[in-house]
Structure formats: structure tokens, C-alpha cells
Amino acid sequence: ARGIDFSYCTELDEHEDGSLMYPHMAISLSAMDAVFATPPGEKPPDMTGPLEATPLAEKQHIRWNTMDTFTFALWTKRVDLLRWEVCSMPLGFSCSLSSLIGSARLCLSAYALR
């Protein structure tokens, strides 16, 4: 998304104080194309059908909590998670995501900056 900042690290990085930074990519949830909050007892969006984009103003007013189920969608023509590859890059470049991140597992986390 235009104007959205992200950070990443592709290798295990040991800091001078002994702490570790694991491979990661951090991006604001407001950069997601669609964000849905589903209260307990309600049915979340159908992931097999089309999802409508969520306007930025709506995404910025979502109340994050540990009770609702949150559904996120990020559409990109540069990464194909089903094929686990980077694709559609300039000059026809493509490569396996494994060549960038190795055999590391994919972990999704959410956190808030204070």
C-alpha cells in the first residue's frame, strides 16, 4: 500500500547485548487490503469467495481485542504463497521464497507499539 512502512530481516541476527532478532517482516495492519472483525458467535467471512476491500478509515477504527476473530487479506502480484514463490518481478524475475528465507516456518503475530 502506498505510504505504508514495513521492516524485514531475512537472517537470524545476534545483537551485541546477546538478544536475537529472528527473520521477520513487520507491516502495519492498516496496510492490509481487507480487514474484518468477527464477534464471538458470528460467522467469519467466507475465505473461498471474494473479499471486499476495507476502506482505510474503517481499518483505522477497528478495535483490536482478544475476543473477536480477525480476518486479513493482502493482495499482491509479487508473491504467490500457494506456489511459495516471488513472481511477476521486473524483467521476468521469479524465485522460490525458500531461496530467500530458507526452510523457516511462517509465523504470524500481532502486536501494538506503545
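Strand 7 is joined to strand 8 (residues 85-86) by 2 bridges, and the two run antiparallel; strands here are DSSP runs (E, at least two residues), numbered from the N terminus, and two of them pair if DSSP finds at least two bridges between them. This is a predicted model, in which local features need pLDDT of at least 70 and side-chain atom pairs count only at pLDDT 80 or more, while totals for chains, interfaces and linings use all residues. Residues are numbered from 1 along each chain as its sequence is written, and side-chain values use heavy atoms, with hydrogens and water left out.

- Side chains of opposite charge can pair when their charged atoms come close.

**Cysteines**

- With a disulfide defined as a pair of cysteine sulfur atoms within 2.5 Å, the count comes to 0 disulfides.
- Cys87 is in no disulfide, and the nearest cysteine sulfur, that of Cys95, is 9.6 Å away; Cys95 is likewise in no disulfide, its nearest cysteine sulfur being that of Cys87.
- Both residues are buried, Cys87 with a relative accessible area of 14% and Cys95 with one of 18%.

**Aromatic rings**

- A pair of aromatic rings is described by the distance of the centres and the angle of the planes.
- Rings of Phe, Tyr and Trp (its six-membered ring) pair if their centres lie within 6.5 Å, and planes under 30 degrees apart count as stacked, over 60 as edge-to-face and the rest as tilted; a search of the whole structure finds 2 aromatic pairs.
- The pair of Trp64 and Phe70 is tilted, because the ring centres are 4.8 Å apart and the planes stand at 45 degrees.
- The pair of Trp64 and Phe72 is stacked, because the planes lie at 25 degrees, with the ring centres 6.1 Å apart.
- Through these ring pairs Trp64, Phe70 and Phe72 are linked into a cluster, in which Trp64 is partly exposed at 42% relative accessible area and Phe72 is partly exposed at 35% relative accessibility.

**Two further residues and their contacts**

- Thr38 lies in strand 5 (residues 34-38) and counts as buried at 6% relative accessibility.
- Not counting residues up to four places away in sequence, Thr38 touches Lys43, Pro44, Pro45, Asp68 and Thr69, where contact means heavy atoms within 4.5 Å.
- Tyr22 is found in the loop between strand 3 (20-21) and strand 4 (24-27), and at 54% relative accessibility Tyr22 counts as exposed.
- Leaving aside neighbours within four places in sequence, Tyr22 is in contact with Cys9, Glu11 and Leu12; the C-alpha atoms of Tyr22 and Cys9, 13 residues apart along the chain, are separated by 7.3 Å.

How values were computed. Helices (H or I, at least four residues) and strands (E, at least two) are DSSP runs, numbered from the N terminus. Buried means under 20% relative accessible area, exposed over 50%, partly exposed in between (1.4 Å probe, protein chains only).
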